[in-house]
Amino acid sequence: MAEDRPTPEQEARRLYEEAESRVAKAAERVVSRDSFGELLAMATENVVAVTRMSFDALDLVWSNLRLAGRRDITRLGRQLGRTEDKLEQVLQEVERLRDQVESSSDNGAKPAAGAKPAAARRRSQRSSSP
């Protein structure tokens with residue numbers, strides 16, 4: 001008769017498995033309803049809205065403290081990108097002009113009579129200005 005009784009460990013395991021199966025069935029019933037999906041969607045919308053409001057409030061705090069916020073850094077990044085693109089265009093144009101000058105000097109072209117190099121023109125302009 002004593003052998004038919006389960007040990008406390010076996011009894012605890014049986015109770016745990018029984019409770020787990022009951023909870024699983026109840027969770028499946030709750031999740032299977034359309035109202036659960038609607039509730040989950042509304043909760044997600046609320047979390048996103050609260051997160052956005054908190055980021056906006058943090059940006060406002062940064063701007064009131066005169067510190068660069070997320071928007072400022074993003075705007076500066078875009079401006080930096082535009083400036084880099086313009087600089088790249090200028091460098092390409094300089095290289096093209098340099099190639100033209102080199103090709104014209106290779107063809108034996110001489111500078112116009114009385115023409116000064118650019119560095120000499122700048123020096124003479126500086127010395128003549130008051």
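**The whole chain**

Display the entire chain as a cartoon, bearing in mind that this is a predicted model. The chain contains 4 helices and 0 strands, and its pattern along the sequence reads α-α-α-α. Next, switch to a surface view. The chain exposes about 12200 Å², of which carbon and sulfur atoms supply 58%. Of its 130 residues, 2% count as buried.

Which residues form a salt bridge with E18? One partner is R14, with the closest N and O atoms 3.1 Å apart. The other is R22, where the closest N and O atoms are 2.9 Å apart.

E18 is partly exposed, with a relative accessible area of 30%, and R14 is partly exposed at 41%. R22, at 57% relative accessibility, counts as exposed.

**Helix α2**

Move to residues 34-64, which form helix α2, and select D59, which is found in this helix. Is D59 buried or exposed? Its relative accessible area is 10%, so D59 is buried, the cut-off for this class being under 20%. Leaving aside residues up to four places away in sequence, D59 touches G69, R70 and R71.

Now select F55, L58, V61, W62, L65 and L67 and show their surface. Together they make a nonpolar surface patch of about 530 Å². Among them, W62 lies in helix α2 and is partly exposed, with a relative accessible area of 33%.

**The loop between α2 and α3**

Select R66, which is placed in the loop between α2 and α3. Its backbone deserves attention: R66 has a positive phi of about 65°, although it is not a glycine. With 75% relative accessibility, R66 counts as exposed.

**Helix α3**

Continue to residues 70-106, the extent of helix α3. Show the side chains of D72 and R75, which meet in a salt bridge with an N to O distance of 3.4 Å. Both residues lie in helix α3, 3 residues apart, or about one turn of the helix. R75 is partly exposed, with a relative accessible area of 39%, and D72 is also partly exposed, at 26%.

Salt bridges that share partners join E11, R14, E18 and R22 into one network. The total count comes to 7 salt bridges.

E88 is partly exposed, with a relative accessible area of 42%.

Note on methods:
Residues are numbered from 1 along each chain as its sequence is written. This is a predicted model: local features need pLDDT of at least 70, side-chain atom pairs count only at pLDDT 80 or more; totals for chains, interfaces and linings use all residues. Side-chain values use heavy atoms; hydrogens and water are left out. Helices (H or I, at least four residues) and strands (E, at least two) are DSSP runs, numbered from the N terminus. Buried means under 20% relative accessible area, exposed over 50%, partly exposed in between (1.4 Å probe, protein chains only). Accessible areas come from the Shrake-Rupley method with a 1.4 Å probe; for residues, only the protein chains shown count as cover. Patches are made of residues with over 30% relative accessible area and no salt bridge: like charges are joined within 9 Å, nonpolar side chains (Val, Leu, Ile, Met, Phe, Trp, Tyr) within 5 Å. A salt bridge is a side-chain nitrogen of Lys or Arg within 4 Å of a carboxyl oxygen of Asp or Glu. Contact means heavy atoms within 4.5 Å.
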